[in-house]
Amino acid sequence: IHAGGSVGLFAVAWAAHMLYGLVGLPMAFGAMCVVTAASAWTALKRDSQLVAVVGLVGGFATPLVLSRGGNQPVQLFGYVLLLDLAFLFVASRRRWPSLATLAVLGTTLLQGAWIVLRAEPGQGGVALVVLGLFALLFAFFGLARADADQRGFAVARAAALILPFAFAAWFAHDARFGPDLWPLACLAALL
C-alpha cells in the first residue's frame, strides 16, 4: 500500500507540472522531493524494502522526468548527493545492501547521462570531481560497521570504484574534453 501510494504521488506531482501546467517546476520538484523523503522515512519505520526501492527510483527519476535540457551539474549532483546519503542511511540502518547497490547504479546512470548528453568541453574537470566524490562516498560507506555487515555492502563499494573507470576510458578517447590526461591519472590513482 505504501509503495503504491508513493508511485501515485510521484505521478501526480509530475502530471501537475508536465501534463497540466498546474504547478511550476520548483513546486513539482519540491513535491517529488517530499515524496522521496517520505518514502525513505516510511521504509525505515515500516521496515519495507519495497517502499525504499520505490522512493530511491523515484528520487533518481525526478531530475530526469522534470528536465528541461539544462546543464546544471552542481545542482544535479548536490541533489544526488543528498539522495544517496539519505538512502545509504536507510540501507545501513535496515541492513539492505541491495539498496546501496541500487543507489550506486542510479548515481552512475545520472552521471553517465549528464556526461554524455549535457557536459560541455570545459566541464571535464567537474565530471572527474563528481566521479571521484561519489566513488569515495560509496567506498567509505559502511566501513565503521562490523565486518559481517561490511561484507554485504561490498558489491556496492566495488561497483562504485569500478564504474568510474569506464568513464575515465571514455574521457581518454573523447577529444572534446581535451588532450590533458593528468586529471584522469589523478582519478585513477584515487580509485
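1. Lining of the largest pocket. In this predicted model, helix 2, helix 3, helix 4 and helix 5 each contribute at least two residues to the lining of the largest pocket. Helix 5 gives the most, with 5 residues.

2. Content of that lining. The largest pocket holds about 600 Å³ of space and is lined by 20 residues. Nearest its centre lie Pro-63, Ser-67, Gly-70, Gln-72 and Leu-76. Sorted by class, the lining has 13 nonpolar, 5 polar and 2 charged residues.

3. Length of helix 3. Helix 3 covers residues 49-65, which is 17 residues. At 1.5 Å a residue it should span 24 Å, and its end C-alpha atoms are 23 Å apart, so the two values agree.

4. Surroundings of helix 3. Which residues of helix 3 are buried? They are Val-51, Ala-52, Val-54, Gly-55, Leu-56, Gly-58, Gly-59, Phe-60, Thr-62 and Pro-63. The buried residues of helix 3 pack against helix 1 (2-19), helix 2 (25-46), helix 4 (73-94) and helix 5 (97-118).

5. Gln-123. This residue is found in the loop between helix 5 and helix 6 (124-140). Is Gln-123 buried or exposed? Its relative accessible area is 14%, and buried means under 20%, so Gln-123 counts as buried. The side chain of Gln-123 makes a polar contact with the side chain of Asn-71, at 2.8 Å.

Key
Residues numbered from 1 in each chain as written. Predicted model: local features only at pLDDT ≥ 70, side-chain atom pairs only at ≥ 80, totals over all residues. Heavy atoms only, no water. Helix = DSSP H or I, 4+ residues; strand = E, 2+ residues; numbered from the N terminus. Expected span 1.5 Å × (residues − 1). Buried < 20%, exposed > 50% of the residue type's maximum accessible area, 1.4 Å probe, protein only. Contact = heavy atoms within 4.5 Å. 1 Å grid on protein atoms, 1.4 Å probe; cavity = no way out; pocket = protein on both sides within 12 Å on 5 of 7 lines; lining within 4 Å. Points joined across faces, edges and corners; volume = space filled by probe spheres on them. Nonpolar A, V, L, I, M, F, W, Y, C, P; charged D, E, K, R; others polar. Polar contact = N/O pair within 3.5 Å; in protein donor to acceptor, adjacent residues only side chain to side chain.
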